[in-house]
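Keep the structure open and follow along.

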Amino acid sequence: MLGLCAAGLILFVSCERARGGTFASRKMIILGVDGLDPDLLAKFMADGKMPNFAKLEAKGSFRRLTTSIPPQSPVAWSNVITGMNAGGHGIFDFIHRDPKTFQLYFSTSRVEGPKHTLTLGNWVVPLGSGTAEQLRYGKAFWEILDEHGVPNYVYRMPANFPPITAKGESLSGMGTPDLRGTYGTFTFYTDDPTAAVGAVEGGEVVQVEVKNNRVATNLIGPDNTFRKNAAPATEPFTVDVDPLEPVARVDVEDHQFVLKEGEWSGWIPVEFELMPVIGNVKGICRFYLKQAHPRFQLYVSPINIDPKNPALPISTPTSYSRDLAKEIGEFHTQGIAEDTKALTDGVLDDKEFLEQSHTVLAEHRRAFDVEFPKFHEGLFFFYFSSLDLNAHMMWRLTDPQSPAYDAALAAQNGGALEEFYEQIDQVLGEVLTKIDNNTTLLVLSDHGFAPYRHSFNLNTWLLNNGYITRKAGANGDSSEPFADVDWSRTRTYGLGLNGLYLNIRGREREGIVEPGAQADALLQEIREKLLAVRDPKDGSQVITRIDFASEVYQGPYAHSGPDALVGYNRGYRAGWKTILGAFPPEVLEDNTNAWSGDHCMDYTKVPGVLLSNRKIEAQTPALTDIAPTILAEFGIAKTTDMKGHSLFQAR
Amino acid sequence: MTDQAAAKAAAVGSFQSSLSLALSLLTNPLAIVVMLSLAVGLLMVVLFGYTSDQKAIGIAKDQLKAHLLAVRLYRDQIPVVMGSYGKILRGTGRYLKLAFKPLLYVVIPITLLIVEVDRYLGATPIPANTPFLLTAHISGSDANDATLQLPAEITMTAPPVHIVADNEIVWRLLGTKEGKYEVKVAAGGQIAEKTVCVGSDLPRISTVRMRGHFWQRVFTSAEPALTENSPIESISINYPDRDIAITGYGMNWIWLFFILSMVAGFIFKELLGIKI
């Protein structure tokens, strides 16, 4: 009897040890590199520019990673997070619409003021607090790791604002707004009388007067919802320009600093008073003195949420952003930190944009250098945005066929993207030194990249082909979403970068298409016609793939997004105006914008990258395989709604 | 200088030296504030006890309590309540009168102490290799011709900004090595020096050097006055404010000092049986 008890005890202890050993000794590192393109990576590896990636491939595996449908970052990273496709997590695009009101909103999160307020004169007193709500559904892989006691660290995961409750440290990434609640609104101050003053895409141009060599103006903060008219809160600042030298002193709140022409300030904390005593919000911004003389030109970055005093939740625990800021200094908290709009608006030039981009990457690397040495167990996920945003903006400098190509600029900055790739290789080099036999490393990207040379205006095409009808006298140039559309005679519409929606009876406010056979037939008809569209310049096929939601999505939200996904050929993408429901005159336009590389196309043409230090058994791995793989590494079974499989198991 | 003034200067000098010595024994600002608060709390109570009429204060407080009790007990008798309120007002006035003189004895040395301690704890030295601004106010047209002479360890990183409207010149400088340095501002044929502290320790910092404005100098400057006939009116440096971290949040030392010294004062008052 005693012997039996002893044997039982030994068995129990050894089982516990074995179980403990599985959890305690396994380690997993994931580098999420947004937009890392397999073709570019292979080229740079062949050129000897990416020695650490080459080393990793030699040791393990390098695969093309099937991206999401559509291949957009919020969708793709949601696939990674949940192991489900958009039908499961409900993120179909950057932009979603309310079918009843046609109001557009950011797909991943919603920030709302308090439900009840009390109006006293010009003041609106909140009776309760506002909310920041994440709109992605499904369990994140690190929630499941938490449930099983696996420590985890998640840095800037896209589509995770506000960050979900987690036991580990996490920082929100793409989707995190600036202090004004936008994806980033810069301000440009100039005394140039010919400047187009007012709102521009992604920013605002403010006319100032230089009087006695002094500019007195205001920083523009968030809309003040404590005031009846909700006008933006402002904070005064002055700039004293030296009468002769290209240098100026900036004085904002109790901070003073001197900038030479062409210089960036560090992060400057600012505080906007919304209501005396009780209602202040803090942010941080950077100043760039573009020109002191003869014209005054000052760029102020979007006002980021201050990580030391976050006005909205951006980390778990809430103190983490503050702790990180103490270690590495203030940093960009805005989801898309690289100010691409300032470049496309001509406020920043290539050199200035690249300087700002390098600052962003330097911040990520500082955070990495602080956090990675602390990693000893569980999962470590770290995200880099630089390759994606710089491929978007710098592609034209490597693509002579791009309508935006400029040989002189290409000679100056044509190697910029390659430099960012090399920096990511350096980060990988740091990781490789810490890999042991118990560590699984994944380097992955959400999608690849392709040239974006021509814009296809889907709504204009639908209008020209009789699928959309506008009211008589409609203004062709209106940028209002679906301005003057006669919904009673409109069968379909385009919204977002790849979305094609039917005007379904009972779903849309004035839907006229019957769900079922009529809808299916209409989709078939449009698919055939769209696949037949050719570029009149060279006969190229513009659209190479149309996926129906009913065919590619599974899950409870499969029918809440677009009815079909338009997959553009390499070189083509939806035009900027059409994605927000406008009707530019031409169906096809040359893209002369600095935003010249893209991936919102036929998903088979822009696969991502997957590398591991272990042999990847899956021959056609997909983003939805990542979450099941992570769980499997820690001995946790995938959930029933996950679509993928572990990469390391033969299928 | 009269003997009295010399004695006063010597006393101030020895006070500063002692404080400097005491502070040099401690390098943690939080520890300094805690110890200082305890000491000041005790000192305030003892000083108040010695300089006040404890018996009269006791009576005044007892009477106030009695009138407050009357308000509660006789709240249904309006004339009594109103009369008690009047007596409370008069009693409060009497109490404040009794406390005024001893408070004067307490407030003056503590104010001077705060001014001096603030020179150590109010700001941090400029971190090495971090830009900072040196601003000179120079009267008249001499501002245009002002120049700066720098030691080798301090470099200028941008051309000076001339702010004509304010008679100011602003230089952006950078200290490459920790230490205490003298920079010289030359204008109108005169030269004025300003100390710059670069580093991370706890030096005695003077954010501004100025001329005239005696009381302003006492409270804000820790350097000798600039020459009266000099066109250079003041030279200042934008030292960063020093925050003392408490449970992850930074605050100026003075708030912490006020809270802790009050708490200490209330504790010592009870322990020593002194009526405040």
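Two residues are in contact if their C-beta atoms, placed from the backbone, lie within 7 Å. By that test, 12 residues of chain B are in contact with 15 residues of chain A. Two elements of chain B each give two or more residues to this side: strand S4 (161-163) and strand S5 (168-175). S4(B) gives the largest share, 3 residues. By class, the side of chain B that touches chain A has 8 nonpolar, 3 polar and 1 charged residues.

The model is predicted. Chain A averages a pLDDT of 93, and 96% of its residues score at least 70. Residues 1-21 of chain A are another matter: there the pLDDT is below 50. Beyond near neighbours in sequence, that stretch has 0 contacts in the model.

Now take chain A by its domains. The domain assignment gives domain 1 as four segments, 26-91, 136-176, 314-449 and 606-651. Domain 2 covers 178-311, and domain 3 covers 453-604. The C-alpha centres of domain 1 and domain 2 of chain A lie 32 Å apart. Their contact takes 21 residues from domain 1 of chain A and 21 residues from domain 2 of chain A. On the domain 1 side, the elements that give two or more residues are helix H7 (320-328), helix H8 (340-344) and helix H9 (350-371) of chain A. The largest share of that side, 4 residues, comes from H7(A). By class, the side of domain 1 of chain A that touches domain 2 has 8 nonpolar, 6 polar and 7 charged residues.

Next, the strands. Strands of a sheet pair through backbone hydrogen bonds, either parallel or antiparallel. In chain A, 6 strands form an open sheet in the order S12-S13-S11-S22-S21-S18, with mixed pairing. Which strands stand at the edges? They are strand S12 (198-200) and strand S18 (263-264) of chain A; each has a single partner strand, so one side of each is left without a neighbour in the sheet. S18(A) pairs with strand S21 (residues 287-291) of chain A in the antiparallel sense, over 2 bridges. Within that pair, Glu263(A) has Leu289(A) in S21(A) as its bridge partner.

A hairpin in chain A is worth a look too. Strand S6 (residues 117-120) and strand S7 (residues 123-126) of chain A run antiparallel and are joined by 4 bridges. Leu118(A) has Val125(A) in S7(A) as its bridge partner. The hairpin of S6(A) and S7(A) has 2 residues between the strands, and Gly121(A) takes a positive phi near 60 degrees.

Move on to single residues in chain A. Is Ser73(A) buried or exposed? Ser73(A) has 27 C-beta neighbours inside 10 Å, so it counts as buried. Ser73(A) is placed in helix H4 (residues 73-82) of chain A. Leaving aside its neighbours within four places in sequence, Ser73(A) is in contact with Asp34(A), Pro158(A), Met174(A), Asp388(A) and Asp446(A). Ser73(A) and Tyr603(A) are 530 residues apart in sequence, yet 12 Å apart in space, C-alpha to C-alpha.

What about the nonpolar interior? In soluble globular proteins, nonpolar side chains tend to be buried together. Here the largest nonpolar core has 196 residues. Those that touch the most other members are Leu31(A), Phe141(A), Ala248(A), Tyr299(A), Phe381(A), Val443(A) and Val566(A). Helix H12 (residues 416-432) of chain A gives the largest share of this core, 7 residues. Leaving aside its neighbours within four places in sequence, Phe141(A) is in contact with Ile81(A), Ala627(A), Ile630(A) and Leu631(A).

The domain assignment gives domain 1 (12-122 + 252-272) and domain 2 (131-237) of chain B. Their centres, taken over C-alpha atoms, are separated by 39 Å. In this chain, 7 residues of domain 1 are in contact with 7 residues of domain 2. Helix H1 (3-25) and H4 of chain B are the elements that give two or more residues to the domain 1 side. H4(B) gives the largest share of that side, 3 residues.

Arg90(B) is found in helix H4 (residues 78-121) of chain B. With 13 C-beta neighbours inside 10 Å, Arg90(B) counts as partly exposed. Arg90(B) and Leu150(B) are 60 residues apart in sequence and 63 Å apart in space, C-alpha to C-alpha.

Note on methods: Residues are numbered from 1 along each chain as its sequence is written. Chains are lettered from A and ligands numbered from 1 in the order in which they are written. This is a predicted model: local features need pLDDT of at least 70, side-chain atom pairs count only at pLDDT 80 or more; totals for chains, interfaces and linings use all residues. A residue is buried if 20 or more other C-beta atoms lie within 10 Å of its own, exposed if 12 or fewer, and partly exposed in between; C-beta atoms are placed from the backbone. Two strands pair if DSSP finds at least two bridges between them. Domain bounds come from an automatic or database domain assignment. Ala, Val, Leu, Ile, Met, Phe, Trp, Tyr, Cys and Pro count as nonpolar, Asp, Glu, Lys and Arg as charged, and the others, Gly among them, as polar. pLDDT is the predictor's confidence in each residue, from 0 to 100. A nonpolar core is a set of buried Ala, Val, Leu, Ile, Met, Phe, Trp, Tyr and Cys residues joined through C-beta atoms within 7 Å.
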